[in-house]
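Welcome! Here is a short tour of a protein model, meant for someone meeting it for the first time. Please have a look at the sequence and the structure before reading on.

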Amino acid sequence: MSATATEGATRVVGTRMLRREDPALLSGEARFVHDLVVPGALHMAVVRSPFAHARVTGVDLGAARAMPGVVAAFSGADLAGEWAAPMPCAWPVTADMQSPAHYPLAVDEACYVGDGVAVVVATSPAAAADAAAVVDVAYEELPAAVDLEAAASDAAAAHLGAPTNRAYTWELDPDPSAVAAAFAGAAVTVSERYVQQRLVPAAMEPRGVCVVPQPFGGEVTVYSATQIPHILRTMLGMTAGVPEERIRVVAPSVGGGFGSKLDVYAEELLCLALARRLRRPVRWTEERTEAAQATIQGRGQIQEIELAATADGRIQAVRARIVADMGAYLQLVTPGVPLLGAFLYHGVYDVPAYSFSCVGVFTNKTPTDAYRGAGRPEATYAIERAVDTLARTLGQDPAEIRRRNFIGADQFPYASVAGLTFDSGNYEGALDVALGLADYSGLREEQGRRRRTGTRMQLGVGLSCYVEMCGLAPSRVLASLNYVAGGWEAATVRMLPTGKVQVVTGSSPHGQGHETSWSMLVADKLGVAPDDVDVLHSDTAISPFGLDTYGSRSLSVGGTAIVMAADRVIEKARLLAAHQLEVAPEDLEYEGGRFSVRGSASRAAELGALAFAAFVAHDLPEGMEPNLEGSATYDPVNFTFPFGTHVAVVEVDTETGRVELSRYVAVDDCGNQVNPLIVDGQVHGGIAQGVAQALWEEAAYDEAGNLLTTSLADYLVPAASELPSFTLGRTVTPSPSNPLGAKGIGEAGTIASTPAVVNAVVDALAHLGVTSMEMPVTPERVWRAVRGAAGQSQVEQSQIEQSQISTTGGGA
């Protein structure tokens, strides 16, 4: 579909336009880091610790250096002088937060399996790997802090010499007396404990980096599979001591990130240091086992949540206590991830009293950091599971108890008890649409029939009503949370002499469809065809300013900056059109790339012609500079708050424990949509990842700190064949926080789906006495839960019978 620069041109925003990125990706024409042809490049291999915690007492590189094709080999001590500072943590959440120094290679102490201790550089990947295998590292194994709760009580030290394993304690307790009073006076309370297992991000493309030094001047080009080229450039300069203006970072095609590529990694710094030292390009591509061990992992929490409610189920207070697994080191935003959910443990409910605390704890495991949703899925899981427990305790329908507690549509903007201002919402409307699409009443009838007949295949229906905060802005709010960076985004829009358009954006896509969406926004603004809009991104030499892509911020922040820049192009063109038509600028009307004189439509100027006139500059208004170009930097006034309701339907085999997700309904409200087709794709992928946490995925460790799920044979990533077709619905509640009315959609599916699926499994088995399930909900866990509940029921029945015998005086 295209638009023309004429009045009444067809609008493309809001249509299901196919993504322009896909032909290259599907045909193999896209170029990822590993695909780049770099003559003379050397290949790096990292020698990694096989122990979760150990002293490094010696590194013998002699045999490695003698191997064929090896150019150099270095220990952590050899490269210690390359670093101007430890690897960065950009979120010191408290003034007294502990952050052990973390360097690209360990020198004296390895703190997790996979911690790098040496590197080898060779002329081929095979030669580098072979040489890395013969590096002789002497270790003295130390006790490892593996179990999170044991680590929190300092049973074993995660770092030698550290006073405690606790990185920080962060509290949000606006009115402690109100919380205490609510629980003291509650007719019913619910107290639940949940475990958020660790997850391996498992992006389709593993990480990769290639650093190319220039022969003169000290400049380097860093090609990295990263979500954050701009942030990476700054952090590389600070950590490696290289002037930032001499670093160019390029993120070519990036095969997924999900937060795992929102980081500054040791391998990027190592390739940079080695390329500068050896004066040759150095590259590294991650193996899948390395990805499991050396790329950050997600989640990793123990959650305790309590609800205080009235007899009819109105929630009066929420109290949440979290122990968060930091892993061995604090990566870029590790300590802040739990706090992204800290304000949302009351969910979509109008709760008058609230308390939250989080203890961040070091363990001798792979560091954790942002993973799709980053703190919001954890919060939603806790409150939505607890609300189901409350409904079950009171014998109420889960949908109705949610409806009773919703923040009302007439309460927005809503000042939450946790201190946020929710922009807009209609939670009951989303619930109603979801229940209708799912045929909720019909499902309950079928569930009742199966329970009465006692069939082995029991039906469960799980609900999840969510709200998330997106946009990761404004900058002043981030400052109040001690986040080092800001929340703005930058863009430039320029019309070329031929009427074509260039858009330069600071957001950096890795699957979100920015090129398509940004071209649609600009096409409607400037009255051109989307195919005439070229979107430039992910290269700090082309786009020098930006804060990149994460937290569902791209459209609400980056897209708004683009629209603002386009508006500035239009306003400059208005002045030129007024000059040509000899009228005042305010006498001109603008629509679809055309200025016309109010009341005299035949007197007009086309934007494309104005672009050429601005280029030749033969007749410009006094003081006007040539060319049509506008730049903007947008810093939002508030977060955005997408919301929705998801319904999961499962069938559970009570004899084998097998769980089948038979239906899934998702109703999401992300505000105004630019491209509903892209929205659907984001929701589909998000649901798949959330369902995977509920049913299959877990980064499992043994007692010694060894990761047991190091390959895709052990770590169960679902295929499309293991998921049903999804039924998607929408409500549209524009956000007043940005001119587009957009909210964000990239994380919604992941946030909502996990509690929906686990609630459904418990709902299927609740009549058998099963009231809780750990994730992932494996067949073995289901089977044991059913058998355990049956055994408990028999014990309770025996106790009743014994009591009756004692009461009547009977006996042998």
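Predicted model: local features only at pLDDT ≥ 70, side-chain atom pairs only at ≥ 80, totals over all residues.

A residue is called buried when its relative accessible area is under 20%, exposed when that value is over 50%, and partly exposed in between, using a 1.4 Å probe and protein chains only.

Residues are numbered from 1 along each chain as its sequence is written, and side-chain values use heavy atoms, leaving out hydrogens and water.

Helices (H or I, at least four residues) and strands (E, at least two) are DSSP runs, numbered from the N terminus.

**Helix 18 and its two partners**

- For helix pairs, axes are lines fitted to C-alpha atoms, for helices over the stretch in contact, and angles run from 0 to 180 degrees between N-to-C directions.
- Angles under 35 degrees count as roughly parallel, over 145 as roughly antiparallel, 65 to 115 as roughly perpendicular and the rest as oblique.
- Helix 17 (residues 676-695) packs with helix 18 (residues 748-765) at an angle of about 40 degrees, and their axes are 7 Å apart.
- Helix 17 is therefore oblique to helix 18.
- The crossing of these two, helix 17 and helix 18, is right-handed; that word applies if the near helix is turned clockwise from the far one by less than a right angle, and left-handed if anticlockwise.
- Contact here means heavy atoms within 4.5 Å, and among the residues making it are Val683, Gly686 and Ile687 of helix 17 and Gly749, Thr750 and Ser753 of helix 18.
- Sorted by class, the contact of helix 17 with helix 18 has seven nonpolar, eight polar and no charged residues.
- In this sorting, Ala, Val, Leu, Ile, Met, Phe, Trp, Tyr, Cys and Pro count as nonpolar, Asp, Glu, Lys and Arg as charged, and the others, Gly among them, as polar.
- Helix 9 (residues 376-394) also packs with helix 18, at an angle of about 30 degrees and with axes 8 Å apart.
- That angle makes helix 9 roughly parallel to helix 18.
- Helix 9 passes helix 18 in a right-handed crossing.
- On the helix 9 side, the contact residues include Arg376, Glu384 and Asp388, and on the helix 18 side they include Ile751, Pro755 and Val762.
- The contact of helix 9 with helix 18 divides into six nonpolar, four polar and five charged residues.

**Helix 15 meets helix 16**

- The axes of helix 15 (residues 554-581) and helix 16 (residues 607-616) come within 10 Å and cross at roughly 90 degrees.
- Helix 15 is therefore roughly perpendicular to helix 16.
- Ala573, Leu576, Ala577 and Gln580 of helix 15 touch Leu607, Leu610, Ala613 and Ala614 of helix 16.
- The contact between helix 15 and helix 16 holds seven nonpolar residues, one polar and no charged.

**Cysteines**

- How many disulfides are there, taking a disulfide as a pair of cysteine sulfur atoms within 2.5 Å? The count comes to zero.
- Cys210 is in no disulfide, and the nearest cysteine sulfur, that of Cys271, is 7.5 Å away.
- Cys210 counts as buried, at 0% relative accessibility.
- Cys465 is in no disulfide either, with the nearest cysteine sulfur, that of Cys670, 17 Å away.

**A closer look at Phe183**

- Phe183 sits in helix 5 (residues 176-184), and is buried, with a relative accessible area of 13%.
- Leaving aside residues up to four places away in sequence, Phe183 touches Thr189, Glu306, Leu307, Ala308, Ala317 and Arg319.

**Backbone details to look for**

- The peptide bond from Phe412 to Pro413 is cis, with omega near -5 degrees, and Pro413 lies in the loop between helix 10 (398-405) and strand 16 (414-415).
- Another cis peptide bond joins Met775 and Pro776, where omega is about -10 degrees; Pro776 lies in the loop between helix 18 and helix 19 (779-808).
- Ser538 has a positive phi, near 65 degrees, in a residue other than glycine.
- Ser538 belongs to the loop between strand 21 (533-536) and helix 15, and is buried at a relative accessible area of 1%.
- Ser552 is found in the loop between strand 21 and helix 15, and has a positive phi of about 50 degrees although it is not a glycine.
- Ser552 is buried, with a relative accessible area of 14%.

Terms used
Disulfide = S-S within 2.5 Å.
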